[in-house]
Amino acid sequence: IECGHCGAVCPVDAVVQKKAAVAPNLTVGERPAVSPDVLMQLLRERQSVRSYRQEPIAREVLERIINAGRYAPTGSNSQRVHYVVMTSADEISALGKEIMEFNAKFFKQLEKKPFELLMSVIIGRRKIQELLNYRPGILHAQKRIEEGEDPLLHHAPALLLVHAEDWDGSPAFNCAAAIYHCSLMAHVLGVGVCFNGWVENS
């Protein structure tokens, strides 16, 4: 009952919950705010972008993007989703190199049968086979990074990391819902985005 759902939907504010974090009703105008056609157009417009202008993104824009994530649903309304924003080109580049180095070492270890068998027990044989299919691409990407390219983060001017405690209810879902909200707001604000699974997996 501490999730706050009953207090959020009560039309006469008859339910008061001190522990629940319930935002005030900020709806302006009719509900829903957009038509199905407009919403569908927005969903169809959003796309992954891998070519970025080397221009800094204003702090106010980043804050609006993160604020959109705050309105995403979370398990039991825990709202335990956290955000890390990186805007330093050097730090983003260093993180990208570390991720690729980790993956290169990991795939190198997979060539050893004992390690492959161990990982098959931990994450499953099917997942191992899926990872092995990525191995040529990872090794090629590592070579491109050594040549000064950025096939992983594409020289993005900002990086948004979304994370949650693993003991919380539905942490993966909570983060996924939040980051998708963020991506829609980013699109509306004219900021291109791309979800990056290699950052998460590493």
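How many helices and strands are there in the chain? There are 8 helices and 2 strands, where helices (H or I, at least four residues) and strands (E, at least two) are DSSP runs numbered from the N terminus. The model is predicted, so that local features need pLDDT of at least 70 and side-chain atom pairs count only at pLDDT 80 or more, while totals for chains, interfaces and linings use all residues. Residues are numbered from 1 along each chain as its sequence is written, and side-chain values use heavy atoms, with hydrogens and water left out.

**Fold**

Along the sequence the pattern reads α-α-α-β-α-α-α-β-α-α. The chain has 202 residues, of which 27% count as buried; buried means under 20% relative accessible area, exposed over 50%, and partly exposed in between, with a 1.4 Å probe and protein chains only. Of the contacts (heavy atoms within 4.5 Å) with a separation of 6 or more, 73% involve residues 24 or more positions apart. Gln79 lies in the loop between α3 and β1 (81-86) and is partly exposed, at 39% relative accessibility. The C-alpha atoms of Gln79 and Asn174 are 8.1 Å apart, although 95 residues separate the two along the chain.

**Aromatic cluster**

Rings of Phe, Tyr and Trp (its six-membered ring) pair if their centres lie within 6.5 Å; planes under 30 degrees apart count as stacked, over 60 as edge-to-face and the rest as tilted. The count by this rule is 4 aromatic pairs, two of which are tabulated here.

| Pair | Centre to centre | Angle between planes | Class |
|---|---|---|---|
| Phe102 and Phe106 | 6.3 Å | 20° | stacked |
| Phe106 and Phe115 | 5.8 Å | 75° | edge-to-face |

Phe102 and Phe106 both belong to helix α4 (residues 89-110), where they are 4 residues apart, about one turn of the helix. Phe106 is buried, with a relative accessible area of 15%, whereas Phe102 is partly exposed at 40%. Phe115 is also partly exposed, at 22% relative accessibility. Ring pairs join Phe102, Phe106, Phe107 and Phe115 into a cluster.

**Nonpolar core**

A nonpolar core is a set of buried Ala, Val, Leu, Ile, Met, Phe, Trp, Tyr and Cys residues joined through side-chain atoms within 4.5 Å. The largest such core contains 17 residues, and Met100, Phe106, Phe107, Leu110 and Leu153 have the most contacts inside it. At least two residues of this core come from each of α4 and α6 (125-146), and α4 gives the most, with 6 residues. Beyond its neighbours within four places in sequence, Phe107 contacts Leu131, Leu132, Tyr134, Arg135, Ile138 and Trp198.

**Second largest pocket**

A pocket is an open set of points on a 1 Å grid over the protein atoms alone, where a 1.4 Å probe fits, with protein on both sides within 12 Å along at least five of seven lines; lining residues have an atom within 4 Å of a point. The second largest pocket has a volume of about 1300 Å³, the volume being the space filled by probe spheres set on the points. Its lining comprises 48 residues, and Leu160, Ile179, Val193, Cys194 and Phe195 lie nearest the centre of the pocket. Elements giving two or more residues to this lining are α3 (59-70), β2 (159-164), α7 (171-188) and α8 (197-201). The largest share, 9 residues, comes from α7. The lining divides into 33 nonpolar, 10 polar and 5 charged residues; Ala, Val, Leu, Ile, Met, Phe, Trp, Tyr, Cys and Pro count as nonpolar, Asp, Glu, Lys and Arg as charged, and the others, Gly among them, as polar.
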